Amino acid sequence: MVQKAKILLVDDRPENLLALEAILSALDQTLVRAVSGEEALKALLTDDFAVILLDVQMPGMDGFETAAHIKRRERTRDIPIIFLTAINHGPHHTFRGYAAGAVDYISKPFDPWVLRAKVSVFVDLYVKNCQLKEQAALLRLQLEDDRQGRDRSEPLLTELSARLASVEEQAEALTKQLGDSPDAGAAATAAHLERKLAGLRAALEALRPGTQSA
């Protein structure tokens, strides 16, 4: 059984963190607070997160600098970051957010439903990714322990492939939906989904009998 996904909320204002928790509580995932960039980086040393909601304006290490540190670390570079900002300095400011590695850039006040929907995309992807990894790990063990692995693993591989195909189908529908959006962050989200699923499909195909190293 896959554990709940963790969502990292980074903001120096307690009232903003409370608001984010109220909006995202409906997703029924684990919400982790950080009141500074430094605290966020410490949390990322030990825990895995599905997505990070990162405030831009914070004293000390701001959101851009925090994101730069996150993207430099091999362990955390692929975690999606959604920037939240109370100000809008125009296209240049937004571009800086995407250049720092964000998949989306949202100005406050934001629509709670839209934010929750965006976060849920990454939570779903993270959960399905974890499920497939666990199943693949179990299958690897079976192939190593059993000389009759070919006969017993093929049905499992077929089941895993079917499950992944279902995820790919959902992602394709989501990509089409996001493709109609003028939001640059939506396009980044679609591209991120495609890269993740392509990697999962390649990993699954590598498990098929005949592709294992001797």
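How many helices and strands does the secondary structure of the chain come to? The secondary structure comes to seven helices and five strands, where helices (H or I, at least four residues) and strands (E, at least two) are DSSP runs numbered from the N terminus. This is a predicted model, in which local features need pLDDT of at least 70, side-chain atom pairs count only at pLDDT 80 or more, and totals for chains, interfaces and linings use all residues. Residues are numbered from 1 along each chain as its sequence is written, and side-chain values use heavy atoms, with hydrogens and water left out.

**Overall chain**

- Read from the N terminus, the order of elements is β-α-β-α-β-α-β-α-β-α-α-α.
- Of the 214 residues in the chain, 41% are buried; buried means under 20% relative accessible area, exposed means over 50%, and partly exposed is in between, with a 1.4 Å probe and protein chains only.
- Taking contacts between residues at least 6 apart in sequence, 66% join residues at least 24 apart; a contact means heavy atoms within 4.5 Å.

**Strand β1 and its partners**

- Strand β1 covers residues 6-10, and four of its five residues are buried.
- β1 runs parallel to strand β2 (residues 30-34), with five bridges joining them; two strands count as paired if DSSP finds at least two bridges between them.
- Within the pairing with β2, L9 has R33 as its bridge partner.
- β1 also pairs with strand β3 (residues 51-55), in the parallel sense and over four bridges.
- On the β3 side, I7 has V51 as its bridge partner, and L9 stands opposite L53.

**Strand β3 and residue D55**

- β3 is largely enclosed by the rest of the structure, because five of its five residues are buried.
- In a regular strand, side chains alternate between the two faces of the sheet.
- In β3, V51, L53 and D55 point one way while I52 and L54 point the other way, and all are buried.
- Strand β4 (residues 81-85) runs parallel to β3, and four bridges join the two.
- A right-handed β-α-β unit is made by β3, helix α3 (residues 63-72) and β4.
- D55 lies in β3 and has L84 of β4 as its bridge partner.
- D55 has a relative accessible area of 5%, so this residue is buried.
- Leaving out residues up to four places away in sequence, D55 touches V10, D11, D12, G63, L84, T85 and K108.

**Largest pocket**

- What is the volume of the largest pocket? The volume is about 400 Å³.
- The search uses a 1 Å grid over the protein atoms alone; a pocket is an open set of points where a 1.4 Å probe fits, with protein on both sides within 12 Å along at least five of seven lines, whereas in a cavity the probe cannot get out.
- Grid points are joined across faces, edges and corners, and a volume is the space filled by probe spheres set on the points.
- The lining has 18 residues, of which F49, Y126, N129, K133 and K196 lie nearest the pocket centre; a lining residue has an atom within 4 Å of a point.
- Helices α5 (112-145) and α7 (184-206) each supply at least two lining residues, and α5 gives the most, with six.
- By type, the lining divides into nine nonpolar, three polar and six charged residues; Ala, Val, Leu, Ile, Met, Phe, Trp, Tyr, Cys and Pro count as nonpolar, Asp, Glu, Lys and Arg as charged, and the others, Gly among them, as polar.

**Residue K196**

- K196 lies in helix α7 and counts as partly exposed at 26% relative accessibility.
- Apart from neighbours within four places in sequence, K196 is in contact with D78, L125 and N129.
- K196 and N129 are 67 residues apart in sequence, and their C-alpha to C-alpha distance is 8.3 Å.

**Residue D28**

- D28 is placed in the loop between α1 and β2.
- Although D28 is not a glycine, its phi is positive, at about 60 degrees.
- D28 has 47% relative accessibility and therefore counts as partly exposed.

Key: A crossover is right-handed if, with the strands pointing away from the viewer, the path from the first strand over the helix to the second runs clockwise.
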